[in-house]
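Let's take a friendly tour of a protein model. Have the sequence and the 3D view ready as you read.

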Amino acid sequence: MAAVSSFSTTITATAATGSQRNPPLLLSKTLNPPNPSFLYLRSNQTLAPVSISITSQSSKKRASFSRIRASSSSLDPGPGSLTLHSRTLKSRLAAGETLYGLFLMSFSPTLAEIAGLAGYDYVVVDMEHGPGGIAEALPCLRALAAAHTPAILRLPESSAAWAKKALDLGPQGLMFPMVETPAAAELAVSCSRFPLRGVRGSAHTVVRASAYGIDDGYLARVEEELLVMCQVETAAGVAEIEAIAAVEGVDVVQMGPLDLSASMGYLWDPGNRKVREVMKDAERRVLGMRKKVAAAEGGSGERGPYLGGFAMPHDRPEDMKMRGYHMVAGAVDLGIFRQAVVEDVRRFRSAEVEIGEEDDEDAATDEEYWSE
């Protein structure tokens, strides 16, 4: 093939889903590729491989591309090429993995990137208690994508407007807060789906979730890959937890120990025995629902919603894993930073005191010596 230093391309993306085909999407772009044989598109926190054939011609002529179709499957083009890992959180849960995550409240893209590089299975960008919104979440999702780490967005409230804007960013999961009834769980599912199955607004031809319309497989995958997570975090919610877990489309029941303790009158004592008993009863009921669903479907093992939760000082992540949790958030970025800086200052001040005490002892020894 003749060397290609720079060329202008027109890429036509076409989807094939069963017998239906989407209209072509056109993108004009000047590229300077190190390897003109491959182009990689990023979609929904994963890299989507696209094969491209180029007609051999001089560098001054237009390169010819075949039609492309984005795929979420893995591709290894050969030695020395980037190995793509496109397993979603949902597929990993289905495979029986227990996932370990972090809550990001700082909205710092740098901390998001560090968390991803550290090896967390997922990071929850917290728009409920963190100071940021959609605009601040976007750089964090980009940082997590660069670190190949799936992002989950926790919404400030369960509403179609918030869900629509969050989903258009392309997270792998949405967490809906304060779900207390089956009707609220049904609303969460509806907000996460396009019509006619839901009420999500459609701009899929241009938003980040579909690689700005370049990923032609987005519509075929989005519902299959998206985690719909309902937070049960009040005494009222726990009373309805089995009915919430039974709602079709709820993928994860996420326990909220702090709000639960507050709703029970133990705001300052989340580790209270009564709160812990209610938590463990709720956990058993969700896990029991999984077995009931499997039995109803005529199979063995477990089906239905997964169990997610937050680690607490009195409830370690390892203990939650042993009790059957499928997703465990072990820490909050601000909490980790707070703990580190408080300890750093304490260590320095403690060292100052020790140094001073050593000097005083030396002085006393000298006085005793010269007094003899």
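This is a predicted model: local features need pLDDT of at least 70, side-chain atom pairs count only at pLDDT 80 or more; totals for chains, interfaces and linings use all residues.

Residues are numbered from 1 along each chain as its sequence is written, and side-chain values use heavy atoms, with hydrogens and water left out.

Start with the backbone. Most residues other than glycine have a negative phi, and most peptide bonds are trans. Here are some spots to check against that:

| Spot | Backbone value | Where |
|---|---|---|
| Pro-195 to Leu-196 | cis, omega near 10° | Leu-196: loop between H5 (182-191) and H6 (218-225) |
| His-148 | phi about 55° | loop between H3 (134-146) and E9 (151-154) |

The H and E labels are DSSP runs numbered from the N terminus: helices (H or I, at least four residues) and strands (E, at least two). Ala-211 counts as buried, at 7% relative accessibility (buried means under 20% relative accessible area, with a 1.4 Å probe and protein chains only).

Now for the inside. A nonpolar core is a set of buried Ala, Val, Leu, Ile, Met, Phe, Trp, Tyr and Cys residues joined through side-chain atoms within 4.5 Å. The largest one has 54 residues, and those touching the most other members include Val-125, Leu-153 and Phe-176. Helix H3 gives the most to this core, with 7 residues. Apart from it lies another core of 15 residues, including Leu-89 and Phe-310.

Which residues does Val-125 contact, leaving aside neighbours within four places in sequence? Among them are Leu-104, Phe-107, Ala-137 and Arg-154, where contact means heavy atoms within 4.5 Å.

Note on methods:
Buried means under 20% relative accessible area, exposed over 50%, partly exposed in between (1.4 Å probe, protein chains only).
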